[in-house]
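Below is a short briefing on one structure, grouped by topic.

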Amino acid sequence: MKTSVKTAASVLPYLWAAIFIVFVWQMAVIFTQAHVALLPPPLLAAKTFAELVVNGQLFVHAGASLGRVVSAWLLSAAIAIPLGLAMGRWRRFEHLVDPVIELFRPISPLAWIPLAILWFGIGETGKIFIIFIATFFPILLNTVSGVKGVDPVLIRAGQVLGCDNDRALFRKVILPAAMPTIIVGLRISFGTGWAAIIAAELVAAQVGLGYLIADGMEVLRSDLVLVGMVAIGILGVLIDAVFRTVNDRFSWGT
Amino acid sequence: MADHTSQSRGTKGISISELAVTFQSEESEPVEALRPTSLEFEAGEFIALVGPSGCGKSTLLNVLAGFIKPSAGQALVGGETITKPDIDHGMVFQDYALFPWLNVIDNVAFGLERQGMGVEDRHAKAREYLDMVGLKDFADKRVTELSGGMKQRVAIARVFATDPSIILMDEPFGALDALTRRFLQHQLLEIWQRNRKTVVFVTHSVQEAVYLASRVIVMTARPGRVKLDQKIDLPHPRDFSGEEFRRLEKLIYDQLDEELAKSFKLEGGGGTFHD
């Protein structure tokens, strides 16, 4: 009972925001008298949305985009978390690796799109590559700062309580202590990955929400473009909500 | 080494011979924290280390814990040189050092798990020790829900549960209010009287030292040395206002005052002494 009330209360602001956006949209259509190919009224977009839901097309596109992001993001986490743990723990290793990281970090993942296409073509590998780059740094940097932020006295406590090797110390103390910060990195990186996949699909894809948008533009179907955009927004909010729940489970307070 | 019967492994003496610690740093002059010091602690003794701030008492404790390597000399527990932290050398920290991602019982069971004990056994044993510090009903609470005094009681249960040969305590009650502090001193004494572990207890409070310890060691201002090594033979529970108690307290205060005067001169009046 209580949780359903709480959920309703947290959804309400989003509902108001949605109503507001639709209202502004409708006003814009009325006052600009825009051609339907440029700016369709909300109702038409809603109809197209329903159509794509019914024929399953929307799920195919969303599923393709999500699948790419999830697999690249997992790959990213599998490399960035161990690397970040090592960098956070061993100064010398950090000094060695950090300059390389800092040189690559300012390069937007989108700047890699041309190379990705040249190297991997327009198949899945290229997109995974782009998302890997987009998600790698937030996970890495948060893991490093999470490990560095572990209270040294907890490490000492772990040592006098039988964590007599680095492996045990990592598993029993450092990793759980750094976990809240690592989760934040995972959450942020999913967001950056989600933003980057759309860009990657705009350029080169046969399926995916980015492709839906790009294709809608080519055939002058702005309703398709808007449906794609709305789907991106809704999924982004839902994914973040999932992360926040996970976050709450791991944030044992400070 | 892994002996999981409820039989105590007992306790061991500590032998410190010509132990010295000098901190080397790149930017500044080396700092001599501890002058060559020799001390023998017998098994089952309750040692209190007191001294002005920066007198090296925490340094000595950290050498005994295996966190700091001595620059010269050595420290032995039961005849074996201390080289690294060991679950057999338990420690209680001033700021509790509980693991916030674990609940109370899993904090107490942490060391038991490392000793290879199964989940049911270690929870049963942890409960036993939580009961000993009066926190049986808090087993499933998060540690963030506890007060400072409760947290330190969990830390005490945690260290005694692993049955170490020696227990090192670094100003364990320093952050607590006076009433909680008295309660915990009393509780610690009860536990110690029951299993007579060798305890090395660092404190700023002379009263606390005389109340708890069977032997008080006063250290000099930096660089630290032993200034006074005083046995306390009073029976427990000790009376703060008793004549002999106050005589011992004054004796130790007088020695400390001399050192404080020195450290004030050295630091140009910068040193402070908290009781």
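This is a predicted model: local features need pLDDT of at least 70, side-chain atom pairs count only at pLDDT 80 or more; totals for chains, interfaces and linings use all residues.

Residues are numbered from 1 along each chain as its sequence is written, and chains are lettered from A in the order in which they are written.

**Contact between chains**
- In chain B, 20 residues are in contact with 13 residues of chain A (C-beta atoms, placed from the backbone, within 7 Å).
- On the side of chain B that touches chain A, β6 (89-92) and α2 (104-114) of chain B each supply at least two residues; helices (H or I, at least four residues) and strands (E, at least two) are DSSP runs, numbered from the N terminus.

**Sheet**
- Six strands of chain B form an open sheet in the order β6-β7-β8-β3-β9-β10, with mixed pairing (strands pair if DSSP finds at least two bridges between them).
- Its edge strands are β6 and β10 (226-231) of chain B, each pairing on one side only.
- Strands β3 (residues 46-50) and β9 (residues 215-219) of chain B run parallel and are joined by four bridges.
- B:Ala48 has B:Val216 in β9(B) as its bridge partner.

**Helix α1**
- Helix α1 (residues 57-65) of chain B is largely enclosed by the rest of the structure, because eight of its nine residues are buried (20 or more other C-beta atoms within 10 Å of a residue's own, C-beta atoms being placed from the backbone).
- Among the buried residues of α1(B) are B:Lys57, B:Leu60 and B:Asn62.

Key
Two residues are in contact if their C-beta atoms, placed from the backbone, lie within 7 Å. A residue is buried if 20 or more other C-beta atoms lie within 10 Å of its own, exposed if 12 or fewer, and partly exposed in between; C-beta atoms are placed from the backbone.
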